[in-house]
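Subject: Structure handover

Hello,

Here is the structure I promised to pass on. Please open it next to this email. My notes follow below.

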Amino acid sequence: MSDSYVTADGRTIGPVVMEMKNITLRFGGVEAIKDISFDIREGEIRAIIGPNGAGKSSMLNVISGFYVPQDGEVWYKGSRRPAMKPYQVAQQGIARTFQNIALFEGMSVLDNVMTGRLTHMKTGLFSQALWKGKAEAEEVANREVAEKIIDFLEIQAIRKTPVSRLPYGLKKRVELARALAAEPSILLLDEPMAGMNVEEKEDMSRFILDVNDEFGTTIALIEHDMGVVMDLSDRVVVMDYGKKIGDGTPSEVRNNQAVIDAYLGVAHD
Amino acid sequence: MAELLTRADGPASVPALLHRNAKQFADAPAYREKEYGIWQTWTWSQTRDEVEALALGLMDMGINEGDFVAIIGRNRPYLYWAMVAAEMCGAVPVPLYQDANAEEMAYVMSHCGARFAIVGDQEQVDKIFEVQDQLPEFEQMIYLDPRGLRKYDHAAMAQYSDVQERGRKTRQTHIKEMEARQAKLDYDSTGVMLYTSGTTGKPKGVVLSNRNVIETAKSSSQFDDLRQTDDILAYLPMAWVGDFIFSVGQAMWTGFCTNCPESADTLHVDLREIGPTYYFAPPRVFETQLTNVMIRMEDASRMKKWLFHTFMALARKVGAAILDGKEVSQWDRFKYKLGEAFIYGPLKNTLGFSRVRVGYTAGEAIGPEIFDFYRSLGINLKQLYGQTEATVFITAQPDGEVRSDTVGVTCPGVELKIAENGEVFYRSPGVFVEYYKNPESTADTKDAEGWVATGDAGFIEEGSGHLRIIDRAKDVGKMADGSLFAPKYVENKLKFFPNILEAVVFGNERTACTAFINIDLTAVGNWAERNNIGYASYQELAQHPQVLETIQNHVEEVNASVAQDDMLSGCQIHRFVVLHKELDADDGELTRTRKVRRRIIEEKYADIIAALYDGSKSVSTETEVTYEDGRKGSIKATLGVRDAKVMPIAARMAAE
């Protein structure tokens, strides 16, 4: 594959931006991830799928820097990434959403989205408290970004509503808004469609495609719904029992015997 | 620049009005829209510049005099500007309903042969692309919101802001020609073409001249003392004549500010923030708001409930009288002031009506309880009667003469006459020019002397001189025994119950009246929740025995009230069914303005109507439904047919 190429629907997929090399992650004696390598290209939608307990969320946590693998290397934008704290990873332009929504329940939607701007705030505690000059200008600029994302995800009507009062599907959307507010270069989505009905899934899929299309954001997502994954993603990594059993375009993966076995189940010898 | 045609009493075209306002009210707000959480404002002089830039861009794209420009989208300043810009180029704006489906849009756009379309977003762009093959004259699309459109083929489309940019760049090339075209616009040139929603058959294009628009705007603004400092909220469909007259005609004439909401979902918040001083809503909106208030009051604490009910009782007693300036005792006035502080004021604020000076409702009859509720709060809600062909205004209620059962006295400049069969005719400066490409219909509606048939049956009340409308003239019929049949009269009485959303009454040339009824899911669903009644679907709730019982009581109450009326006592409902689905515009059962299409309903539900008249106790039926995205499905149901108690007809029995 050349350095960059254009997809059938006219999007440009760039060179590799993140590469996982022989990652192994252990919790005590349990090997959650066993020697997995794959890459993520700039501008693509990359899915990680697999049955329950396959190690998908662990993988996402490795990318987001929450877990540090015992073996293997994470390469990001051409250099090896040392062990980092999650906030340092966030500063590098990686944002995520969570499987079990992790919003600030008591705060309004707008305030939640504003927290996503945290890494872009440069003024100190003192000037923030006084809210004069620079701090004020900074907040106005950040609010503008937040408002554009609120507009983009069509959640204007709940701007001032406390998150605790929202239904599940909308909370998921607010979480996406918060992650987008960080203006990430890579967006990690942990089961963005879990627990949604068909209509909510369609909405969310549209938003994910729109985000990728409008902002050119690279997206790595974990998802259970095979239909959704196959429709959305450019390339798919399939995991089972911590191992990589498949990697390629949706159609390649769909015809991969190991993948079919893992999903449909075969007798293990 | 070339002098624009004016008359002794003011500018002679909508663009000329804009130029006048840009000079006279240069720094006053003309349009506001909430975007990114902030109200963005354009002054009149800024508005003129924006409109001119777009018009110049259209000139550069080769727009000709007399071209039609379709305008489709939700209420946004940009689209209002597009209408004026089209006129500046000598073209004719044709606003369309944004929720129209692709076929409906194809019909209208090919009927007028629109060359340009200015649309809101991807949804509208997609619809036009879908039917483009049917539109040979169509050339260019201009869109507002670029979202999702980046990868579309831009050979035949451009972004609104780019067109404006193009206009600014080529100003020198086109300004002379454009000014010359504007200078030609006079009172007789076409100001706008609006398609009627059409309760029967295909929509008709109503051509309105600048005279229609400006004369109507002028006299109606005087009638209600509209001022330059007024604020309105523009949220009703742009294709509807009312919105054009309020947000363009009257706004241009008086120079008041048109405010556009952020999105349809935020309407309620935006209404509160703007607090319009001049407000229009169809009865349904007032009904929904009242239902919501009542539902929320049920959840309030006992103290609050008591306060609410006590003061509302007082308001019902004296509120309307105080509003009309009638005599009310000092003690009641004092109590009403207390109520204003505790209940009415905060309630009006929540509803967004704190500043309303003039409020109108029209289109359908409004329930007396609903009407009185708002008036008793001190909101000057009035009724008017109008139609597209009259450029809205035929009659309206003057301050101090407001009642729920009339539609008021003739507006300035309007003459009325009632034909032998009861049909109302009018003549006014607002009378439309013609139906576009449809001389037969024009001749059917408007006679040589300029009298226009409204299609409504009514009479002028003796004493007050107010007009009362009974029903659509063509729907008024005779029962088998020769007594008068006016379905709408009965349907309105039914719809005044919050539990009933829609009703259709049958009985023309039959021995007895029967009815279809749609329950109101908000009201009935809330009632079910409170009474621990489980239901899985609209259909199940609609057929719940207790729901049927409640509806039966409503029908019998209506029968009792209909029996009081000498003329219409034959219209009591003998049997009814509660329908398993809501009547819907997407299924062609209602018009886009939510009027019942009787013929279509009669055909579609022929089996149920048959069951209403053959005495059976239930009926099984299957109905095709259309989803919003155009897919089709079907619903099967077994509906119970109920008999309702009928009151003896007092007057006739005495005569016999």
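**The main core**

In this predicted model, the largest nonpolar core holds 134 residues. V69(B), I71(B) and A85(B) have the most contacts inside it. Helix α3 of chain B, residues 77-88, gives the most to this core: 10 residues. Where does the core lie? Domain 1 (6-30 + 40-206) and domain 2 (283-379) of chain B both give residues to it, so the core lies between these two domains.

Leaving out residues up to four places away in sequence, V69(B) touches A86(B), A91(B), V92(B), P93(B), V94(B), A114(B), F116(B) and I118(B).

**Domains of chain B**

Chain B is divided into domain 1 (6-30 + 40-206), domain 2 (283-379) and domain 3 (477-655). The C-alpha centres of domains 1 and 3 of chain B are 42 Å apart. Even so, these two domains touch: 8 residues of domain 1 of chain B are in contact with 7 residues of domain 3 of chain B. On the domain 1 side, the touching residues are 2 nonpolar, 5 polar and 1 charged.

**Between the chains**

**One residue to look at: V358(B)**

V358(B) lies in strand β15 of chain B, residues 358-361. Is V358(B) buried or exposed? V358(B) has 20 C-beta neighbours inside 10 Å, so it counts as buried; the cut-off for buried is 20 or more. Not counting residues up to four places away in sequence, V358(B) touches D224(B), Y278(B) and N380(B). G90(B) is 268 residues from V358(B) along the chain, and the C-alpha atoms of the two are separated by 34 Å.

**Confidence**

The model scores ipTM 0.80 and pTM 0.84. Chain B averages a pLDDT of 90, and 97% of the residues score at least 70.

Best wishes

Methods. Residues are numbered from 1 along each chain as its sequence is written. Chains are lettered from A and ligands numbered from 1 in the order in which they are written. This is a predicted model: local features need pLDDT of at least 70, side-chain atom pairs count only at pLDDT 80 or more; totals for chains, interfaces and linings use all residues. Domain bounds come from an automatic or database domain assignment. Ala, Val, Leu, Ile, Met, Phe, Trp, Tyr, Cys and Pro count as nonpolar, Asp, Glu, Lys and Arg as charged, and the others, Gly among them, as polar. A nonpolar core is a set of buried Ala, Val, Leu, Ile, Met, Phe, Trp, Tyr and Cys residues joined through C-beta atoms within 7 Å. A residue is buried if 20 or more other C-beta atoms lie within 10 Å of its own, exposed if 12 or fewer, and partly exposed in between; C-beta atoms are placed from the backbone. Helices (H or I, at least four residues) and strands (E, at least two) are DSSP runs, numbered from the N terminus. pLDDT is the predictor's confidence in each residue, from 0 to 100.
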